[in-house]
Amino acid sequence: EEALAGSAEWLYTTNLLYELPPVEPGAVRCFRRGCASLKPEAGEGEKASGGACAACGMAWYCSKDCQRKDWKRAHKHECKRFKPLLERPPQFHRRATVVRLLRKIRLYACPFAVAKQHSMGPGFLLLQSPNTLLDFCLLGSGVSPVTNQPFDRSVVLNFFTVGDFKETTAKDDFELLPVIQAVEAALAEGTKADEKLIMVSRFRCGHICVLRFPLVPDRRICNVLAGDYMEMETLQLNIEEE
């Protein structure tokens, strides 16, 4: 995961550790996305065909068929991340998690940003989410191993010039001063404007980071796709949609 996180340039990172309400785990449900089966209560007689993943012991499936399908689609890539998430505090690679999220949304985020550059000039993407960063650690899973509830994850993207950001989102928010300084320094370099974007990510838990990453697809293709985003002020993406 270190190599994965290395695909982006990290300009600033902080964790404000916002206090979050306690979460009570719900009934265990099948971990395959799209399956609504619940694990039988003790004494009800669990289906003989169901059971937990032998490797992590945490992801439960209602049938061998669901387990096979989820292994091929997602769990084989995420199995090793399950147990550390239940530690206190949860153990996971924060930078790699941000990069995995970015890779999932960049085909939409990059053309959106290029469209805004055409109309607003140099600036940066602001990604905000009502979810914690921990929620995005298992992007392929449909159920949280912490709460046993189906994930409901989304992100909202806006494009700002530094001046607009200072006058709106960051106004009277001293915690965002280092973010502004990092963005201003990156924009002042100016040499990578054609092939890279700057993004500020802000999550419900208080994790904030500023990073620079390559345009994907490249600027030529983004210029073509930008037409679909010209009239769009905000881009909202539901992570649960395949």
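## Strands E5 and E8

Strand E5 (residues 154–160) is joined to E8 by 4 bridges, and the two run antiparallel. Ser 154 stands opposite Asn 238 in E8. Strands here are DSSP runs of E, at least two residues long; helices are runs of H or I, at least four residues long; both are numbered from the N terminus. Two strands pair if DSSP finds at least two bridges between them.

This is a predicted model: local features need pLDDT of at least 70, side-chain atom pairs count only at pLDDT 80 or more, and totals for chains, interfaces and linings use all residues. Residues are numbered from 1 along each chain as its sequence is written, and side-chain values use heavy atoms, leaving out hydrogens and water.

## The sheet

The open sheet has 6 strands in the order E1-E7-E6-E4-E5-E8, with mixed pairing. Strand E1 (9–15) and strand E8 (235–238) stand at the edges with a single partner strand each, so one side of each lacks a neighbour in the sheet. On average, neighbouring strands are turned by 20 degrees against each other, direction ignored.

## Helices on the sheet

Helix H3 (residues 94–120) packs on the sheet. H3 touches E1, strand E4 (124–128), E5, strand E6 (196–202), strand E7 (207–214) and E8. Its direction makes about 40 degrees with that of E5. Helix H5 (residues 177–189) also packs on the sheet, touching E1, E4, E6 and E7. The direction of H5 makes about 10 degrees with that of E7. Contact means heavy atoms within 4.5 Å. Axes are lines fitted to C-alpha atoms, for helices over the stretch in contact; angles run from 0 to 180 degrees between N-to-C directions.

## Salt bridges

The whole structure holds 10 salt bridges (a side-chain nitrogen of Lys or Arg within 4 Å of a carboxyl oxygen of Asp or Glu). One of them pairs Arg 212 with Glu 9, the closest N and O atoms being 3.1 Å apart. Arg 212 lies in strand E7 and Glu 9 in strand E1, 203 residues apart. Arg 212 is buried at 6% relative accessibility; Glu 9 is partly exposed at 22%. Buried means under 20% relative accessible area, exposed over 50%, partly exposed in between (1.4 Å probe, protein chains only).

Glu 240 forms a salt bridge with Arg 153, with closest N and O atoms 2.7 Å apart. Glu 240 sits in the segment after E8 and Arg 153 in the loop between E4 and E5, 87 residues apart. Both Glu 240 and Arg 153 are buried.
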